[in-house]
Amino acid sequence: MSAPDGGRPDRRTLRRMTREQLTELGGRLDGVRVVARTPTSARTRARGRRATAAWLALSILSALAFLVCFVAWPSDYVLPGREGYTLYALYTPVIGITAGVAVLALGIALIVHVKHSYPDEVAVQELDGGPSEPVDRATAAARFAEAGDDTGFGREPLLRRAVIGAAGLLGISGLVVAAGGLVRDPWKGGDRAALWTTGWAPLSGETVYLRLITGVLGEIVRVRPEDMAPGSMLTVVPFRESDRGNPELLLAAERSTDSPVMLIRFRPGTAVVPRAGQEDFHYGDHYAYSKLCTHLGCPASLYDTQNNRALCPCHQSAFAMDEGARPVFGPAARSLPQLPIDIDDEGYLVATGDFVEPVGPSFWELGSRG
């Protein structure tokens with residue numbers, strides 16, 4: 001079909017041209033010259049279809065496995081050494097591997113299919129700068145459509161449905177990841193919910209002692225009030241007599257992410273202002289607060305004994321420890337949770353209960369049971 005200007009047809013002429021004519025015209029106008037074109041053999045196409053189908057099946061199975069694991073795999077935090085910790089520790093690797101394999105397999109399937117279906121073609125082209133004109137856009141669209149026909153997706157409904165299914169499942173997986181945190185109930189389990197409980201939670205009525213972190217893994221040093229000098233701070237973790245002789249449980253207590261506590265002994269005469277409802281959480285001038293910053297969970301344990309301030313080194317949140325550990329500087333917006341303590345008959349400091357609010361970073365559904 002001739003063009004009015006001898007080279008570039010007008011819009012009316014373009015609308016009457018077939019796809020083949022547009023493809024040929026586009027190559028001529030763009031200065032593209034096909035040097036060699038070898039159609040793919042039927043045997044190669046068949047082999048490519050089988051390989052593509054196998055990769056798509058793997059992608060679909062992996063995407064389904066991801067969805068099942070994301071929803072059903074136990075993801076509530078479990079202390080190291082406790083029953084169920086292995087499943088909890090595997091949660092992130094499992095959903096990461098299944099999601100990764102689903103994406104990788106889909107990509108490989110597309111590459112394999114194009115490699116075995118698209119004709120081998122060698123073309124040369126001289127490129128000129130400048131914006132694209134309507135004729136260029138029309139011919140480019142025609143070439144893309146022709147390339148789609150060459151891949152065979154239009155002639156292979158089963159293959160087309162498999163690609164759509166794999167891509168759709170990946171899309172659904174992305175939506176599940178985005179919405180999963182909003183659908184799950186962080187308070188599932190009531191008072192035994194993972195967000196409520198730490199290693200300080202009472203178990204079977206057993207006494208929970210304040211155990212000093214000495215730097216020697218597994219060493220057991222229980223703390224008495226007189227062990228601390230006025231104006232000092234110690235890091236302590238929970239200890240039960242049933243843990244004695246069990247290196248795994250002792251090590252788990254030291255490595256637990258939500259159990260480290262700052263035990264502070266204020267100087268005599270310090271005017272300590274307790275938080276409402278927590279007036280009896282301390283023993284004398286000894287107070288215990290979570291070591292985890294309520295901003296992003298860093299250890300807020302740089303203690304200034306002169307001003308009774310605890311500083312988080314990550315983002316410089318500061319807490320007034322003599323005012324219920326309330327934040328006085330930085331991004332933290334919530335006081336450090338306080339651990340209720342007392343002494344037992346032997347004079348050792350013990351926890352009388354768990355924290356009455358979640359420890360660590362704040363979040364939108366945060367509440368208190370105290």
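Author: What follows covers salt bridges, aromatic pairs and a charged patch, in that order. This is a predicted model, in which local features need pLDDT of at least 70 and side-chain atom pairs count only at pLDDT 80 or more, while totals for chains, interfaces and linings use all residues. Residues are numbered from 1 along each chain as its sequence is written, and side-chain values use heavy atoms, with hydrogens and water left out.

Reader: OK, salt bridges. How many salt bridges does the structure hold?

Author: There are eight salt bridges. The term means a side-chain nitrogen of Lys or Arg within 4 Å of a carboxyl oxygen of Asp or Glu.

Reader: Which side chain does Glu254 meet in a salt bridge?

Author: Glu254 meets Arg211, at 2.3 Å from N to O. Glu254 sits in helix 7 (residues 247–255) and Arg211 in strand 3 (residues 208–212), so this pair ties together parts that are 43 residues apart in sequence. Helices (H or I, at least four residues) and strands (E, at least two) are DSSP runs, numbered from the N terminus.

Reader: Are Glu254 and Arg211 buried or exposed?

Author: Both Glu254 and Arg211 are buried. Buried means under 20% relative accessible area, exposed means over 50%, and partly exposed is in between (1.4 Å probe, protein chains only).

Reader: And what does Arg265 form a salt bridge with?

Author: With Asp285, where the closest N and O atoms are 3.5 Å apart. Arg265 is in strand 5 and Asp285 in the loop between strand 5 and strand 6, 20 residues apart. Asp285 counts as partly exposed because its relative accessibility is 23%.

Reader: Where do Asp322 and Arg309 lie?

Author: Their side chains also meet in a salt bridge, 3.5 Å from N to O. Asp322 is in the loop between strand 9 (318–320) and strand 10 (326–329), and Arg309 is in strand 8 (residues 309–311), so the pair joins parts 13 residues apart in sequence. Asp322 is buried, at 12% relative accessible area, whereas Arg309 is partly exposed, at 26%. Elsewhere, Arg222, Glu241 and Arg244 are linked in a network of salt bridges.

Reader: New topic. How many aromatic pairs are there?

Author: Five. Rings of Phe, Tyr and Trp (its six-membered ring) pair if their centres lie within 6.5 Å; planes under 30 degrees apart count as stacked, over 60 as edge-to-face and the rest as tilted. One of the pairs is Tyr85 with Tyr88, a tilted one with 6.3 Å between centres and 45 degrees between planes. These two tyrosines are three residues apart in helix 4 (residues 85–117), which means about one helical turn separates them. Tyr85 is partly exposed at 28% relative accessible area, and Tyr88 is partly exposed at 26%.

Reader: Why is the pair of Phe266 and Tyr287 edge-to-face?

Author: Because the planes of Phe266 and Tyr287 are at 70 degrees, with the ring centres 5.2 Å apart. Phe266 is in the loop between strand 5 (261–265) and strand 6 (286–290), and Tyr287 is in strand 6, 21 residues apart. Phe266 is buried at 1% relative accessibility, and Tyr287 is buried at 5%.

Reader: Which residues form one aromatic cluster?

Author: Tyr209, Phe239 and Tyr348.

Reader: Last one. Which residues gather in the patch of positive charge?

Author: Arg11, Arg12, Arg15, Arg16 and Arg137, on the surface. Patches are made of residues with over 30% relative accessible area and no salt bridge, with like charges joined within 9 Å and nonpolar side chains (Val, Leu, Ile, Met, Phe, Trp, Tyr) within 5 Å. Helix 1 (residues 11–16) gives the largest share, four residues. Arg15 lies in helix 1 and counts as exposed because its relative accessibility is 67%.

Notes
Accessible areas come from the Shrake-Rupley method with a 1.4 Å probe; for residues, only the protein chains shown count as cover. Lys and Arg count as positive and Asp and Glu as negative; His and the chain ends are not counted. The place of a charge is taken as NZ of Lys, CZ of Arg, CG of Asp or CD of Glu.
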